[in-house]
Each structure stands twice: as structure tokens, then as C-alpha cells.
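Reader: Hi, I have a few quick questions about this one. Can you take me through it?

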Amino acid sequence: VTQMRTMFAVYVVLIAAGLVLYITVGLAHL
Amino acid sequence: MRLWARHNSLSLVFLALFIAALIGQSIAGQRAFNEQQLQHGGEGISYTRYLVSSHFGSAVLENWQSEYLQFALFIVATVWLIQRGSNESKPPGDVGRESDHKQLVGPHAQRNSPSWARVEGLGRRLYENSLIIVMATIFLAAWFGQSVTAWTEYNADQREHGASSVSWLGYLDRPDFWEKTLQNWQSEFLAVGTMAVFTIYLRQRGSPESKPVGAPHDQTGTSG
């Protein structure tokens with residue numbers, strides 16, 4: 001169960017980080 | 001450790017492929033960006049600066065949004081729509097949200113079912129749709145991210161050519177935004193439709209994306 005949670009968390013964190021980073025980059029030029 | 005890797009091999013391999021492709025994209029992207037800058041009499045930017053640029057951000061997110069849209073649509077469409085004979089479809093008799101008994105919810109939940117499958121009310125309603133909720137949220141966030149990064153790019157281009165900048169809403173009305181969006185959507189929709197249709201007659205032995213090799217063509221939704 002722990003291993004599956006780890007993979008799930010890795011994907012969630014990766015996607016969230018990418019989205020937050022580039023939305024911030026886009027909005028930084030407002 | 002080896003057992004851990006084997007039990008997670010599908011997600012690990014795709015994670016590695018994703019990172020490798022993203023690194024490749026960033027290296028090629030920086031070179032292409034700098035080439036263009038030099039041609040226009042501007043200066044190139046460093047690799048680390050390029051990683052946090054709107055150019056790279058919009059290139060990444062325009063592809064992300066279309067992938068998540070593809071899966072989100074596929075997840076929800078396959079609840080209601082079918083393709084007879086396809087491995088990607090359920091049998092015609094199962095169209096819709098299916099019974100609580102079949103979905104193992106409420107009193108039909110099993111000992112090891114997730115606790116959200118056992119409860120009644122809003123909690124279960126959300127859990128029943130959690131996959132589409134999360135995939136659609138990622139799609140919308142990525143599409144929004146694409147719009148703001150590509151908008152920044154667009155305005156930089158406008159300024160370079162002595163034209164006036166546009167507002168974010170103004171950019172959403174420009175063909176540039178819709179061309180970037182739709183060129184990704186069309187390929188996703190074609191690929192999904194192709195999978196739905198090709199798995200009627202074509203097989204890949206051992207893959208859950210295919211019916212068993214010997215399964216009849218008119219048998220619907222039976223992974224091998």
C-alpha cells in the first residue's frame with residue numbers, strides 16, 4: 001500500500017508543481 | 001527494492017520517459033528560442049532562464065491540457081457511449097452509472113473497499129466521480145496556464161513588431177490561441193477514436209489494452 005501511495009504522490013506533486021510554476025510564470029507578466 | 005520497482009514498473013517507466021522527453025524538449029526549445037532571438041537582433045537567454053520562460057511553459061502546458069482533456073472525456077464518455085466489439089467499451093447492456101451492487105457501494109461495499117465507497121451522501125458522490133473531477137481540474141488548470149503563458153509570448157511578439165499588446169481576454173479571441181489549442185485536440189480525439197475502433201479487430205497479446213487474441217470481433221470490453 002505504501003509503494004502505491006508513493007507513486008500516486010509523486011505524480012500528484014509533479015503535476016501540481018508544473019501547473020503552479022507555469023501559471024505563476026504566465027501571470028508574472030500581468 | 002527490485003520488487004518495489006517491478007510492482008511500480010508501469011508508472012516508473014512512464015515517469016522516466018516523461019522526464020527524459022521534457023529535458024530533451026527544454027534543450028531543443030532553448031536553442032530554437034535563442035536562434036529566433038538572434039535572428040531578430042535580440043540576445044539569447046540561459047538554459048535555467050528558459051526553464052521558467054513563457055515560451056517553454058506554453059509549449060509544455062498546451063500539450064498537457066489536451067492529454068488530460070482526452071482522458072477526462074474518454075472516462076466520462078465511456079460511461080454512456082459504447083462501441084460494439086471494442087476493448088475500450090463496456091457491453092451495450094451496461095450503459096450508464098451501473099447498479100450499487102455492481103459498483104460495490106453502500107451496503108454492497110466489501111470488507112476491503114475504500115471507506116468512501118461505504119458512506120452515503122456527498123462524500124460518496126464525490127468519490128464516485130473523483131477520477132473525472134481531478135482529470136478535468138488538471139485539464140482546466142493546464143489550459144488556463146497555456147492561455148496566460150502563450151498570451152505573454154504573444155504580447156512579446158507584438159511589442160517586437162511594434163504592434164499593441166492585447167488583454168488576456170483579448171488573447172482568448174485570437175486565432176493564435178485557438179490554433180495552439182485545436183491542433184492538440186484534433187490529434188487526441190483521433191487517437192481515442194482509433195483505439196475504440198482498432199481494438200475491435202486488432203490484438204496485442206498480453207496487453208490489457210487489447211482483447212485476448214482469440215476473442216471474437218463482436219465481443220465487447222474484455223481485456224486480455
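This is a predicted model: local features need pLDDT of at least 70, side-chain atom pairs count only at pLDDT 80 or more; totals for chains, interfaces and linings use all residues.

Reader: OK. Where is B:Ser89, then?
Author: B:Ser89 sits in a loop of chain B, between helix H4 (54–80) and helix H5 (100–103).

Reader: Is B:Ser89 buried or exposed?
Author: B:Ser89 counts as buried, because its relative accessibility is 7% and the cut-off for buried is under 20%.

Reader: What is B:Ser89 in contact with, leaving aside neighbours within four places in sequence?
Author: B:Ser89 then has contacts with B:Ile82, B:Gln83, B:Thr220 and B:Gly221.

Reader: And how far is B:Ser89 from B:Ser130?
Author: Their C-alpha atoms are 20 Å apart. Along the chain, the two residues are separated by 41 residues.

Reader: What about B:Asn8? Where is that one?
Author: B:Asn8 is in the loop of chain B between helix H1 (2–7) and helix H2 (9–39). B:Asn8 is buried too, at 4% relative accessibility.

Reader: Which residues does B:Asn8 touch, beyond four places in sequence?
Author: They are in chain A: A:Gln3, A:Met4 and A:Met7.

Reader: New topic, chain A. How many helices and strands does chain A have?
Author: Chain A has 1 helix and 0 strands. Its C-alpha atoms fill a box of roughly 45 × 5 × 5 Å along the principal axes.

Reader: What share of chain A is buried?
Author: Of the 30 residues in chain A, 27% are buried.

Reader: How does H1(A) pack with H4(B)?
Author: Helix H1 of chain A covers residues 2–27. H1(A) and H4(B) have axes 10 Å apart, at an angle of about 130°. That makes H1(A) oblique to H4(B). The crossing is left-handed.

Reader: Which residues meet there?
Author: From H1(A), they are A:Leu14, A:Ile15, A:Gly18, A:Leu19, A:Tyr22 and A:Val25. From H4(B), they are B:Ser54, B:Phe56, B:Gly57, B:Leu61, B:Trp64 and B:Tyr68.

Reader: How many of those are nonpolar, polar or charged?
Author: In this contact of H1(A) with H4(B), 9 residues are nonpolar and 3 are polar. None is charged.

Reader: What about H2(B) and H4(B)? At what angle do they pack?
Author: The angle is about 140°, with the axes 10 Å apart. So H2(B) is oblique to H4(B). This crossing is right-handed.

Reader: Which residues make that contact?
Author: H2(B) brings B:Phe18, B:Leu22, B:Gln25, B:Ser26, B:Gly29 and B:Phe33. H4(B) brings B:His55, B:Phe56, B:Ala59, B:Val60 and B:Trp64.

Reader: Now the rings. How many aromatic pairs are there over all chains?
Author: There are 14. One is B:Trp143 with B:Trp178: their ring centres are 5.9 Å apart and their planes are at 80°, so the pair is edge-to-face.

Reader: Where do those two sit?
Author: B:Trp143 is in helix H8 (residues 130–160) of chain B, and B:Trp178 is in helix H10 (residues 175–201) of chain B. B:Trp178 is partly exposed, at 35% relative accessible area.

Reader: Which residues do ring pairs link into a cluster?
Author: The cluster holds B:Phe139, B:Trp143, B:Tyr154, B:Tyr171, B:Phe177, B:Trp178, B:Trp185 and B:Phe189.

Reader: Last one, backbone. What is phi of B:Glu98 near?
Author: It is near 70°, a positive value in a residue other than glycine. Most residues other than glycine have a negative phi. B:Glu98 is in the loop between H4 and H5 of chain B. B:Glu98 is partly exposed, at 28% relative accessibility.

Reader: And what about phi of B:Leu104?
Author: B:Leu104 is not a glycine, yet its phi is positive, about 55°. B:Leu104 is in the loop between H5 and helix H6 (115–118) of chain B. At 31% relative accessibility, B:Leu104 counts as partly exposed.

Definitions and conventions
Residues are numbered from 1 along each chain as its sequence is written. Chains are lettered from A and ligands numbered from 1 in the order in which they are written. Side-chain values use heavy atoms; hydrogens and water are left out. Helices (H or I, at least four residues) and strands (E, at least two) are DSSP runs, numbered from the N terminus. Buried means under 20% relative accessible area, exposed over 50%, partly exposed in between (1.4 Å probe, protein chains only). Contact means heavy atoms within 4.5 Å. Rings of Phe, Tyr and Trp (its six-membered ring) pair if their centres lie within 6.5 Å; planes under 30 degrees apart count as stacked, over 60 as edge-to-face and the rest as tilted. Axes are lines fitted to C-alpha atoms, for helices over the stretch in contact, and angles run from 0 to 180 degrees between N-to-C directions. Angles under 35 degrees count as roughly parallel, over 145 as roughly antiparallel, 65 to 115 as roughly perpendicular and the rest as oblique. A crossing is left-handed if the near helix is turned anticlockwise from the far one by less than a right angle, and right-handed if clockwise. Ala, Val, Leu, Ile, Met, Phe, Trp, Tyr, Cys and Pro count as nonpolar, Asp, Glu, Lys and Arg as charged, and the others, Gly among them, as polar.
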